[in-house]
Structures are given as C-alpha cells and as structure tokens.
Amino acid sequence: MNRDEIQQLKKVLSAPKNIVIIPHKSPDGDAIGSTLGLYHYLKKKSHNVAVIAPNDYPEFLKWMPGEDTIIKFDTQEQEAINKINAAELIFTLDFNDLERIGEMKTAVENTKAVFVMIDHHQQPEKYAAYTYSDATMSSTSEMVYHFIHFIDETPVINKDIASCLYVGIMTDTGSFRFSSTSSVTHKVISNLIEQGAENDAIHNAVYDSYSIGRLHLLGCALKNLTYLEAYNTAFISLSSKELEENNFKKGDTEGFVNYGLSLKGVKFAAIFIENAQEKIIKISLRSKGKFDVNTFARKHFNGGGHINASGGRSTDSLQTTVTRFRALLEEYKSELENS
C-alpha cells in the first residue's frame, strides 16, 4: 500500500461507513485476532462494523473481547448476507484469494462494496481496490497494527485492540520463535503490552486451557509420528476414527505439526488429518531453513502459504495421500539435505 493509497483510504474512512470484516474459513488465532483488532479500532472511529466468519473457530479463542459479536456464515447465513449487501467497505484479513472463504464467496463477489485486503501470504489475487500485502510480516495482526498507524496518527490503540492483536501475533509466530519474528515485531508487542495487553493471561487463555481429549489426541499423534531420517522429514497422520475416539473439537490439532519439526535433524514436517465431513485430508506443512513448503504445497497439494509454514489438502484417502507424500520426498532429497 503506497502513500497515495493510504491517503485515499484515510479519506474514505473519514466519515462513518457500513463495514464488514472477513477472515478465512476455519479461522485461526491470527485471523480472529486481526479481525477483532480492526473491528475495535473501526468501532472506536464511529463506523458501523460487523465481523463475519465463514464458520466456527476453536474454543480457546472465544474469550477474546468482541468475539460474541462475530456472525458465522454457515449458521447465520441470511444475517450475514444482509450485512454484506449493506456494506460500503469490506476488509478481507489473513487471506488473499476469495476461494479461502468457501461458501461465502458468491455473496461477497456479488456485493458493490469496495474491498481492502490486509494479508501476509504470498501471491495475492487482484480483487481489492486497496491492497496491503507483505509476505515478510510475522502475521496479519502485526500488519493491522501498522495499518492503524498508517491511517491514524493518534495513539488510538486501547486494551481491547492490543489484546486481540497480541493473540494474532503470538499464535502466528509460535510464541515469537519463528523466523518471521523480527525486531519490529518485538517492538509492536512491547507497545501492545504498554497499551494493556496482559501477556501472561493471554498465553494462559490460549495455551493452558486444553481438554483431556486434546491431550489424549496429542498422545495418539505422537505415537503415529514417523521419522524419515534419509529425508530429514517427519510426519504425523490422524484418521477420522482416531479424532472421534479422542472427542476431537475444532482447534485441537493446532500446533501438532511442530512436534515433528522439533526432532533433531528434521527440516520438513507434515501432518495429515482426515476430515470425514468434508471428505478431504487436511495437510499442514512446516520447515526450517530454505526449504520452501509454500511451493511444495502449491505444486502437489492445492495449497500454499509461507516459505516455512503452509497448508494444503487432498481428496485421496489418508493412506494414498501419505504414500504419495513419501514418494515425493525422493524428488526433494538433495534440497532437504542442503537446506
């Protein structure tokens, strides 16, 4: 987003508007944190704002300020469509392709609203009038923090905004340990704490509120972990039966893929999760160093994301998907040895 676009958008936002903010399908901590952070800011500036999520999200995010106002398209479709049709501005956060909002896409494409994209994934589509895209950023929540300062010179960030943005940055950086965490990220976090974000309470709310079922599922996942030393790779698979046996709830597998990456010598980790309802295998990919899982996901598993963190999907069976993944590793053996 260049200086002229910032000035234009400041002018657009200088008077109250009907605004809708949308995260991607199955929103994670960054998606909910960034949308709610922006929601509180725009409400503070007297806009009429609604956050509409394509579907539900994990329980560990439902304590966040303003969460109870989020409209879920899959269960509140008509209310969501009415808001979308009345919108003058639509912000899309933490995704850069309208395919990522699932069944909402048709309703969103038919609106006459002006689109604003804020996102940190690679290869953005060109659907927005205003695009703030930066794949070097730690998170969309960090970008929302910068966006607020781009368009508002006053120190407007309060405790609610700070808390939501803190959640997004914390979760998308793996509690600040991923390589995307820059010195600027730490400065942003410092400011958010100064503005009221309670870092210990937020960490406890997100990471220390697990159900017994989730811990049993983690045990199952670790038991299923396979280490392929020849390829510096580890992967986990979880069947729909295993999910059911451990009382799976949305968000329970968050972060499981990182256990594979924590093994000494591993540079590439994956998790394959069978989703019986959608009849797909959901795939999360992580890497260390220069191995590009974004390219790997786009080429082989209809996905994408970041160089070191991406996702994908397969319509094959769980066993067939894992077999195909293992076969692909031979093609990348040299790269995995040298990355």
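A polar contact is a pair of N or O atoms within 3.5 Å. All views below come from a predicted model.

**View 1. The N-terminal cap of helix H7.** Beyond the helix comes glycine 196, with a positive phi near 120 degrees.

View 2. Thr185, Val188, Ile189 and Leu192 are the buried residues of H7. They cover an arc of only 100 degrees around the axis, which puts them on the same side of H7. An α-helix has 3.6 residues a turn, so residues three or four places apart point the same way. The face turned away from the buried side carries the exposed residues Ser183, Lys187 and Glu194. The cover over the buried residues includes H5 and helix H6 (159-172).

**View 3. Glutamate 142 in helix H5 (residues 140-151).** Glutamate 142 is buried but has no salt bridge. Lysine 187, the nearest side chain of opposite charge, is 10 Å away. Contacts of glutamate 142, leaving out residues up to four places away in sequence, are Met137, Ile169, Ser182, Val184, Thr185 and Val188.

**View 4. The buried face of helix H12 (residues 293-300).** Val293, Asn294, Phe296, Ala297 and His300 are buried. Seen down the axis of H12, these residues fall within an arc of 165 degrees, so they line one face of the helix. They pack against strands E9, E10, E11 and E12 and against helix H13. At the start of H12, a side-chain oxygen of aspartate 292 comes within 3.0 Å of the backbone nitrogen of asparagine 294.

Note on methods. Residues numbered from 1 in each chain as written. Predicted model: local features only at pLDDT ≥ 70, side-chain atom pairs only at ≥ 80, totals over all residues. Heavy atoms only, no water. Buried < 20%, exposed > 50% of the residue type's maximum accessible area, 1.4 Å probe, protein only. Helix = DSSP H or I, 4+ residues; strand = E, 2+ residues; numbered from the N terminus. Arc of directions from axis to C-beta. Contact = heavy atoms within 4.5 Å. Polar contact = N/O pair within 3.5 Å; in protein donor to acceptor, adjacent residues only side chain to side chain. Lys, Arg positive; Asp, Glu negative; His and termini not counted. Salt bridge = Lys/Arg side-chain N within 4 Å of Asp/Glu carboxyl O.
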